[in-house]
Amino acid sequence: MNCRDFRRRLLVDPAREDAEDARHAARCPACAAERARARAFEDRLRTLLAEEVETHPVPSAGRSERPRRLRMIPRALAATALLAFGLIAWLGEFFRQCRNR
């Protein structure tokens, strides 16, 4: 087994322990250190996932209490104005080309 194969197997399952992995880790200090780091990370992750998390309601930070429909009105007006401007510009170019024919 080479270092690349060892590390690939380590990525798949850091807790894996077989004879081939153990022999390689015993011969290669870099891979042994990588295995220890990966297992420490997995242990820490498992600990963090097991912790209970307190939830607190988050106050709205300056967010308007208006209904969602009312908050959408300025966006709808801006989109309508943009579409109208684009349509007018397109029609102007269309009629200009028709006149030049």
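**A tour of the helix packing**

Begin by selecting α1 and α3, which pack at an angle of about 10° with their axes 11 Å apart; axes are lines fitted to C-alpha atoms, for helices over the stretch in contact, and angles run from 0 to 180 degrees between N-to-C directions. α1 and α3 are therefore roughly parallel to each other (angles under 35 degrees count as roughly parallel, over 145 as roughly antiparallel, 65 to 115 as roughly perpendicular and the rest as oblique). The model is a predicted one, in which local features need pLDDT of at least 70 and side-chain atom pairs count only at pLDDT 80 or more, while totals for chains, interfaces and linings use all residues. Residues are numbered from 1 along each chain as its sequence is written, and side-chain values use heavy atoms, with hydrogens and water left out.

Next, show Cys3, Phe6, Arg7 and Leu10 of α1, which meet Ala30, Cys31, Glu34, Arg35 and Ala38 of α3.

Now bring in helix α2 (residues 19–27), which packs with helix α1 (residues 3–12) at an angle of about 125°, their axes being 11 Å apart. That makes α1 oblique to α2. On the α1 side the contact (heavy atoms within 4.5 Å) is made by Cys3, Phe6 and Arg9, and on the α2 side by Glu20, Asp21, His24 and Ala25.

Finally, select Phe6, Leu10, Ala25, Cys28, Cys31 and Ala38, the six residues of the largest nonpolar core, a core being a set of buried Ala, Val, Leu, Ile, Met, Phe, Trp, Tyr and Cys residues joined through side-chain atoms within 4.5 Å, where buried means under 20% relative accessible area (1.4 Å probe, protein chains only). α1 and α3 (29–50) each supply at least two residues of this core.

Note on methods. Helix = DSSP H or I, 4+ residues; strand = E, 2+ residues; numbered from the N terminus. Buried < 20%, exposed > 50% of the residue type's maximum accessible area, 1.4 Å probe, protein only.
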